[in-house]
Amino acid sequence: MPNEGNRTASDIFALLDSLQERLDPSHLVDHYELLDHWERARSGSAFYRMTGKPSGPDLLVKTGPVWDPEETELLHRAMVDLSDAISFAGIEGAAAIRPVAWSSSPPAIVMPFVEGTDLVTLLRDPEREEWAQMRPWMYRAGEMIAAYHTSHPAPPASDITPAADEARRAGRGMLLSPAMIEQLLRQIRWRDRCAMSFGDFGPGNLHGNAKGDLYLLDPPEDPMVALVHKDIGNFMFEMRRQLAGHGYTRTRPVRGRFHELRAAFLEGYTARSSRVIDSCDQALIALFEMRRARGMARKRFPGRLGDSSWFARCALARRREVARADCGQP
């Protein structure tokens, strides 16, 4: 192993040694070796896979370049909270990874390592055998975000007007009639449709494995109250663009599968939340998907005007869906 790798291994072993009292007795430092190391270029997070000798459980150590001690503790709490919410929901074949320990110096999270591939990678490659699981996975993904919303309702005394203001701003950004947005907001069961938001929720938050298990990752450290349509719309947009092969990487489009997978996701959400997704809900989902597409259209993709053009067309298509929504009269 190169010198840099040796230094990395030493640092990680020292970290695990400092956490020994918090670790399960099966997680002994002298039973581990560094198996793999990788980084995420966009976030700067680094991951170290530790494998047990001879047959101990594998661990994953995650570090961040800009984490501070308070953020690390918040992330640990959020992961425990998410694990509890998904476990309590009792969704078969679904789980959220529960961390083993956390460290403030250096800032790091230690968690069990689970085999799997993120759904972004899988959505873009329909030749992989895991694609046979995609529809049930999307149903399960809908169940999981519904379980998160159900277990994190907006506090009874909280001010939920910022959630409505977010929808109003999204409409103004695409010149939708303010009266139309107000009508949508009046027609839904207002407080029942507000919850703590998962935030940047998409297929990248989900990992599936060959056994058919699905894991939900990266919970928000400090969630804010929002309309549940925000998380659903964000997910729909991300699934749509991954299948279309557009964004920071480009792949061949996967055609003819979006509507089937979208329906499975919404079926799962409805089944777990016991909330019927009506035409007004559909319009608000399209509104937040529109906002996400508009934001991506404004990003710069050097030498790839086609990507920005696709995002702009996607935003306009979702705008038409909102404008055509028939939610009755207020």
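**Reading the features one by one**

Reply: Buried means under 20% relative accessible area, exposed means over 50%, and partly exposed is in between, using a 1.4 Å probe and protein chains only. Bear in mind that this is a predicted model, where local features need pLDDT of at least 70, side-chain atom pairs count only at pLDDT 80 or more, and totals for chains, interfaces and linings use all residues. Residues are numbered from 1 along each chain as its sequence is written, and side-chain values use heavy atoms, with hydrogens and water left out.

Me: Where does D218 sit, and what is its phi?

Reply: D218 is in the loop between β10 (214-216) and β11 (225-227). Helices (H or I, at least four residues) and strands (E, at least two) are DSSP runs, numbered from the N terminus. Phi of D218 is near 55°, a positive value in a residue other than glycine. S274 has a positive phi too, near 60°, and is found in the loop between α8 and α9.

Me: Is S274 buried or exposed?

Reply: S274 counts as exposed, because its relative accessibility is 67%.

Me: How many disulfides are there?

Reply: A disulfide is a covalent bond between the sulfur atoms of two cysteines. Here the working test is a pair of cysteine sulfur atoms within 2.5 Å. Searching the whole structure turns up zero disulfides. Take C194: the nearest cysteine sulfur belongs to C280 and is 15 Å away. C194 counts as buried, at 2% relative accessibility, and C314 counts as buried at 5%.

Me: How do α6 and α9 cross?

Reply: For this you compare axes, which are lines fitted to C-alpha atoms, for helices over the stretch in contact, with angles from 0 to 180 degrees between N-to-C directions. The axes of α6 (residues 178-187) and α9 (residues 279-297) come within 9 Å and cross at roughly 130°. The contact (heavy atoms within 4.5 Å) is made by I181, L184, L185 and Q187 of α6 with C280, A283, L284 and L287 of α9.

Me: What about T251, and which residues does T251 touch?

Reply: T251 lies in the loop between α7 (228-244) and α8 (258-273). Leaving aside residues up to four places away in sequence, T251 touches R124, A244 and G245. T251 and R124 are 127 residues apart along the chain, yet their C-alpha atoms are separated by 6.7 Å. With a relative accessible area of 30%, T251 is partly exposed.
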